[in-house]
Amino acid sequence: MRWAKGAYLRSVSRAFRANPAAVAGLVVFGALVVCAVCAPLLAPYDPAASDLSLRLRGIGTPGHPLGLDGNGRDMLSRLIYGARVSLLTGLVPVAAGGIAAVPIGLLAGYYERAGTVVMRVMDVLFAFPIVLLGILLAAILGPGLPNLLAALTVVVIPYTARVVFVETVLSKHLGFVEAARALGASDRRIIAGQLLPQVLSAAVVYSMTIVGAISIAAAGLSFLGLGIQPPTADWGLMTSDGRNVLNLAPHVSTLPGVAICVMVISLNMMGDGVRAALDPLLRANAALEGRR
Amino acid sequence: MAGYVCRRLLWTVPVLFGVSFVVFLAMHSLPGDAAQQILGLAATEENASALRSSMGLDRPFIVQYAGWLGHTLRGDLGVSAIMRSPVIVILGGKLVNSLVLAAASLSIVAVSGFFLGTASAAHAGKVIDRTIVTTALALASAPVFWVGLVLLFAFGIVWPIFPTAGMTSLTGSNGTPDVLWHVVLPALTAAAMPAAIVTRVTRSAMIDTIGRPFIAAARGRGVSPRRILYVHAARNVLPVFANVCGLQIGHLFGGVVFTEIVFSWPGIGMQLFDSIEQRDIPMVQGCVLAIAVVFVLSNALSDVLVRALDVRSR
């Protein structure tokens, strides 16, 4: 069994590495993680330090390669520090929401009669566009990073729960589950021992594909003033800061948006790569393609 | 088919009740005391509690909900705390403005998504395909508000060919052409992300279909390549295309909220943003309810349309 698992992981990893877009995404994302972790070492200035004499100077200002914002703060330093918030707001809600959603989806899928009721209740949450639900929750909880994370976690739960629910319903009549039941395994044992590993990969793959979208939603809420508060360096907030000086200093609001795009593109390419690498059919095709 | 349509439309009724409950619960949980809000500086403890009991705010939650639901069903959404006029009246006008923007965006999404996806599939692997795929990946990853600001900067400031704010010119409205001129940039902004996704899905569905035997058979019969693409293949891609368009409605509505704020488009999104800043609770409630109701109804409509377009479900 151990051998088979190792071989499987190796073949998945080979398929991932054979995909240039996925590798590029991984490299860029890794660089962003390094930026976020080592921000104090990499940033040339304190993200809050302001030099009003240089305010709104553009790209290429001596000593400030990416210019300065309306408060005379160094854009490059703020962009580097902004990676921290963007990564947090993308990863934390998806992970926390996923952890909460797996048991919900699993139980709802296994006990389908009661579970259907739960999923119908979730339908009500799907009746709100994601952004609207985020706005509503952020308005109730108030601004700030912890509340933003909490609001987005709640937004994530129904989506991941639905994926787990569908996966559970599809898997629970498969042979290995029937076999476990025939051997006299209890419900708890079937759910935890047979179904959980089965649905987990679907949940993880799905979660990877929504990190970018959730990070964009977080930036959006901060852009609206409902998320991260000044003076924290956040890409969404920085975009909003630059709105009023768009004609004088377009770099202030366009650069953070470029940063968001770069992060989300890298996440999407990585997510697509993982999904393709886990798909046996696509993996076989990729192997054939490589041989040709 | 008729059975499905009935079931799908009937299902919106309990969902809408659920939505109303969530909205009421949310407004109930908003920080701040409505009575103190209204009284402002004149609020003393007696004044505030008298107002609270006259507004029914001291009754149990579920009683308040039932009362509120009764009013809401009759179209009474209360009075805006800031504008001092009935919420439903303000909402009506804003909703029309938002729907104009949403309709313009949705047409851009459908038309560009279909033709770009098809062109991409027809030239799979060529330069044009790679360009479209890369652009779509970038647009699908860009925040709406940023796309809006970039378009605003490019076509409103650097090369000012389109207006940057509002829905009509200040110097007297010139009717529909004026609105259409104003809607270009906002509609493109809200359309960017959904159009990118529709393009990607249409492309892969198209590539899938083109590889099937009946297309090879048509080619063998000497049907022109254009006819094969736009008649034979398109007919098979249509259900997938319609389905993904329907799934984009949520992105589109979310996008419209941000777009309205960036371009000061006088719709529900802009109103929601202003009302949250002004703590105008009845107005916030009305906006959220209106967006959710329109969203639920358009989802139901799109499900029915998708079903009607799919030959296999007949």
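This is a predicted model: local features need pLDDT of at least 70, side-chain atom pairs count only at pLDDT 80 or more; totals for chains, interfaces and linings use all residues.
1. Residues are numbered from 1 along each chain as its sequence is written, while chains are lettered from A and ligands numbered from 1 in the order in which they are written.

2. Now the overall look of chain B: it has 13 helices and zero strands. (Helices are DSSP runs of H or I with at least four residues, strands are runs of E with at least two, and both are numbered from the N terminus.) The C-alpha trace of chain B spans about 85 × 55 × 35 Å along its principal axes. Of the 314 residues in chain B, 36% are buried.

3. Next, the meeting of the chains: 32 residues of chain B are in contact with 31 residues of chain A, contact being C-beta atoms, placed from the backbone, within 7 Å. On the chain B side, helix 7 gives the largest share, seven residues. That side has 27 nonpolar, five polar and no charged residues. For these classes, Ala, Val, Leu, Ile, Met, Phe, Trp, Tyr, Cys and Pro count as nonpolar, Asp, Glu, Lys and Arg as charged, and the others, Gly among them, as polar.

4. Two residues are worth a click. Setting aside residues up to four places away in sequence, B:Ala292 touches A:Ala127, A:Phe128, A:Leu132, B:Val19 and B:Val23. B:Ile157 sits in helix 7 of chain B and is partly exposed because it has 13 other C-beta atoms within 10 Å. Leaving out neighbours within four places, B:Ile157 is in contact with A:Leu246, A:Asn247 and B:Leu152.

5. Finally, a helix pair: the axes of helix 11 and helix 12 of chain B come within 7 Å and cross at roughly 75°, so the two helices are roughly perpendicular (65 to 115 degrees). Residues making the contact include B:Val256 and B:Glu260 of helix 11 and B:Met270 and B:Phe273 of helix 12.

Terms used
Two residues are in contact if their C-beta atoms, placed from the backbone, lie within 7 Å. A residue is buried if 20 or more other C-beta atoms lie within 10 Å of its own, exposed if 12 or fewer, and partly exposed in between; C-beta atoms are placed from the backbone. Axes are lines fitted to C-alpha atoms, for helices over the stretch in contact, and angles run from 0 to 180 degrees between N-to-C directions. Angles under 35 degrees count as roughly parallel, over 145 as roughly antiparallel, 65 to 115 as roughly perpendicular and the rest as oblique.
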